[in-house]
Amino acid sequence: MPSGAGSRSRTQVPEIADEEALDPGVFEGLAGVRLAMRRFLSFSEAVLSEAGVTSQQYQALLVLKVAPQSRIMLRQLAEEMLIQHHGAVQLVDRLVAAGLALRIPSADDKRRVLVGLTDYGERVLNFLARRHLGAMLDNEPLLIESLSRLRALARTG
């Protein structure tokens, strides 16, 4: 037995029970979905880099845009972004420094601060969203084919 064979690392596969083999079409469907996702994410990283915006900043801009009145409390932003409060503070600091967002004192409670988009942030977001929509639609046929295959196989399995 090789040394360390009994020990477990974070990269080892957990013990898996023997199961019935999956239809080969499942693997083809999953591979197709992953390929479409990789293509989209590769495109996204390139267009975001060109615009000088990080993926996390773009996601935050989307969260701000869909919030009521395009404003959100910092706590809510952290929840939507699945990050810690201090991470959201740092993210907003970077958005404000880039001119994409601004802090707005709450009219209801002066201790609370809302985060909103600047006009420049709106323009940048519109540019990025238009590019992302096009890339998603470019990958639509592969996604539809792959998901349809998986749905059909799930019904028969």
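**Reading a sheet, its helices and its core**

Visitor: How many of the five residues of β3 are buried?

Guide: β3 is mostly covered, with four of its five residues buried. Buried means under 20% relative accessible area, exposed over 50%, and partly exposed in between (1.4 Å probe, protein chains only). Strands (E, at least two residues) and helices (H or I, at least four) are DSSP runs, numbered from the N terminus.

Visitor: What are we looking at?

Guide: This is a predicted model, in which local features need pLDDT of at least 70, side-chain atom pairs count only at pLDDT 80 or more, and totals for chains, interfaces and linings use all residues. Residues are numbered from 1 along each chain as its sequence is written, and side-chain values use heavy atoms, with hydrogens and water left out.

Visitor: In what order do the strands sit in the sheet?

Guide: Strands of a sheet pair through backbone hydrogen bonds, either parallel or antiparallel. Here, three strands make an open sheet, ordered β1-β3-β2, with antiparallel pairing. Two strands pair if DSSP finds at least two bridges between them. β1 (71-73) and β2 (101-105) are the edge strands, each pairing on one side only. From one strand to the next, the twist averages 35°.

Visitor: How many bridges join β3 to β1, and how many join β3 to β2?

Guide: Three bridges link β1 to β3 (residues 113-117). Five link β2 to β3. Take Gly116 in β3 as a landmark. Gly116 is the bridge partner of Arg71. Leu102 also stands opposite Gly116.

Visitor: Which helix lies across β2 and β3?

Guide: That is α4 (residues 85-97), which runs at about 115° to β2. Axes are lines fitted to C-alpha atoms, for helices over the stretch in contact, and angles run from 0 to 180 degrees between N-to-C directions.

Visitor: At what angle do α2 and α4 pack?

Guide: α2 (residues 55-66) and α4 pack at about 90°, with axes 11 Å apart. The two helices are therefore roughly perpendicular. α2 brings Gln56, Gln57, Ala60 and Leu61 to the contact, and α4 brings Leu91, Arg94 and Leu95. Contact means heavy atoms within 4.5 Å.

Visitor: Which residues have the most contacts inside the largest nonpolar core?

Guide: A nonpolar core is a set of buried Ala, Val, Leu, Ile, Met, Phe, Trp, Tyr and Cys residues joined through side-chain atoms within 4.5 Å. The largest one has 25 residues, and Val53, Leu77, Leu95 and Leu128 have the most contacts inside it. α1 (24-51), α2, α3 (74-81), α4, β3 and α5 (119-156) each supply at least two residues. α2 gives the largest share, five residues. Leu128 touches Val47, Leu48, Ala51, Val53 and Tyr58, leaving aside residues up to four places away in sequence.

Visitor: Which loop holds Gln69 and Ser70?

Guide: Most residues other than glycine have a negative phi, and most peptide bonds are trans. Gln69 has a positive phi of about 60° without being a glycine, and lies in the loop between α2 and β1. Ser70 is in the loop between α2 and β1, with a positive phi of about 55°, and is not a glycine.

Visitor: Are Gln69 and Ser70 buried or exposed?

Guide: Gln69 is exposed, at 73% relative accessible area. Ser70 is buried, at 17%.

Definitions and conventions
Parallel < 35°, antiparallel > 145°, perpendicular 65-115°, else oblique.
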